[in-house]
Amino acid sequence: MRRPYEPGFARRRLRLYALAVAAVLALPGASPPAPAPAAAPVAAPPQLHVAGNRLVDRDGTAHRLLGVNRSGAEFACVQGRGVFDGPADDASVAAIAGWRANAVRVPLNEECWLGTPNIDPRYGGAAYTSAIRDYVRRLTAHGLTPVLELHWSHGRYTGPSAGCADEHASCQKPMPGRRYSPAFWSSVAATFKNTPEVVFDLFNEPYPDRATPDTERAWACWRDGGTCPGIGYEVAGMQTLMDAVRATGARNLVLVGGLAYANDLGRWTAYAPRDPAGNLAAAWHAYNFNACADEGCWSRTLGPVADRVPLVAGEIGENTCAHAFSDRVMRWLDGRGASYLGWTWNTWDCAAGPALIRDYGGTPTAYGAGLRDHLRALSRHAAS
């Protein structure tokens, strides 16, 4: 049983300890105890740029983004529940690093970032941007590359595959809108333009091809925006968002995903936005339920893109609560020297969506064990 506090007990114990140490040091040949070894400093994440079809650091060494997504900041704020879903503290970031990840993709909400009137001010505007800046600092302190992406955006869409009928940023929309998305990227880029370790992913999963059967018009909408077939709001195309980023002076690496929820890169090279900084990579999403979900399709449609620009699979996963499909994706991407990040570092029921962990200490689900073990194996191989 724990004893109640006794006045003077702590002082007496410290005096006795000091006398004991002095007695030891008085012995012939005695020396002070060695201090505990300091923790090894964590290397900062690299400042990445494009060299041909590879991402390289400032020394020209090839680098792959390998890690996880950390969902929550795209939806908790608009739902009035906070900024993040679960903890965003140092311990939770250390758990991600413990999987030997080197990157974390962070989905964002444009209305929360901009602090539009429909967002609770406790979770929007200055409160939201401050929380994201703090999280970026924690990630970089652990050597993790932050990938900031626009996930939920404004615009009413009720056509095929609509996520909701709400005009506000409360679900996925087929394309970013002109009303807020350029302003969002101007602000995000201005905030992080002097933090070149941060990567920008312009828009989560475009799907203008669901709004029109004309594939070329869908790709034109994707790049140029404007009035797009089947979409009832004015669209901001990828070129507009790229221009908004570069106009701030930011030269950070930018990722751009294709059609069909970023699963289709078939015309990506033909329609890719112009980047005056020359620091653009292709983003791709791969799930077992996507149309392009086998090695034959990957080689036909992704191969030509990966031969020309770096390929970053911003989301990989499966709805099986296992990892057989993810293993295949990672092996194919490894063979191409490409990057990938698993969806998602959240404690959801994996049957409801791909969840990598059971708790924020990093205990994996059966699905998450596949990614964790693969990342650790790659780390051991690189160190050998």
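1. Buried means under 20% relative accessible area, exposed means over 50%, and partly exposed lies in between. By that scale Cys 321, at 25% relative accessibility, counts as partly exposed. The model is a predicted one.

2. Cys 321 and Cys 350 are joined by a disulfide with an S to S distance of 2.2 Å. The link is right-handed, with 110 degrees about the S-S bond. It connects distant parts of the chain, 29 residues apart: Cys 321 lies in the loop between β9 (311–317) and α11 (324–336), and Cys 350 in the loop between β10 (339–342) and α12 (366–383).

3. The disulfide of Cys 77 and Cys 112 has its sulfur atoms 2.1 Å apart. The torsion about the S-S bond is 95 degrees, and the link is right-handed. This pair also links distant parts of the chain, with Cys 77 in the loop between β3 (66–69) and α2 (90–97) and Cys 112 in helix α3 (residues 110–114), 35 residues apart. Cys 77 and Cys 112 are both buried.

4. Cys 292 is bonded to Cys 297, S to S 2.1 Å. This disulfide is left-handed because the torsion about its S-S bond is about -120 degrees. Cys 292 counts as buried at 5% relative accessibility, and Cys 297 is buried with a relative accessible area of 10%.

5. With bonded cysteines counted along the chain, the pattern is 1-2, 3-4, 5-6, 7-8, 9-10.

Key:
Residues are numbered from 1 along each chain as its sequence is written. This is a predicted model: local features need pLDDT of at least 70, side-chain atom pairs count only at pLDDT 80 or more; totals for chains, interfaces and linings use all residues. Side-chain values use heavy atoms; hydrogens and water are left out. A disulfide is a pair of cysteine sulfur atoms within 2.5 Å. Helices (H or I, at least four residues) and strands (E, at least two) are DSSP runs, numbered from the N terminus. Buried means under 20% relative accessible area, exposed over 50%, partly exposed in between (1.4 Å probe, protein chains only).
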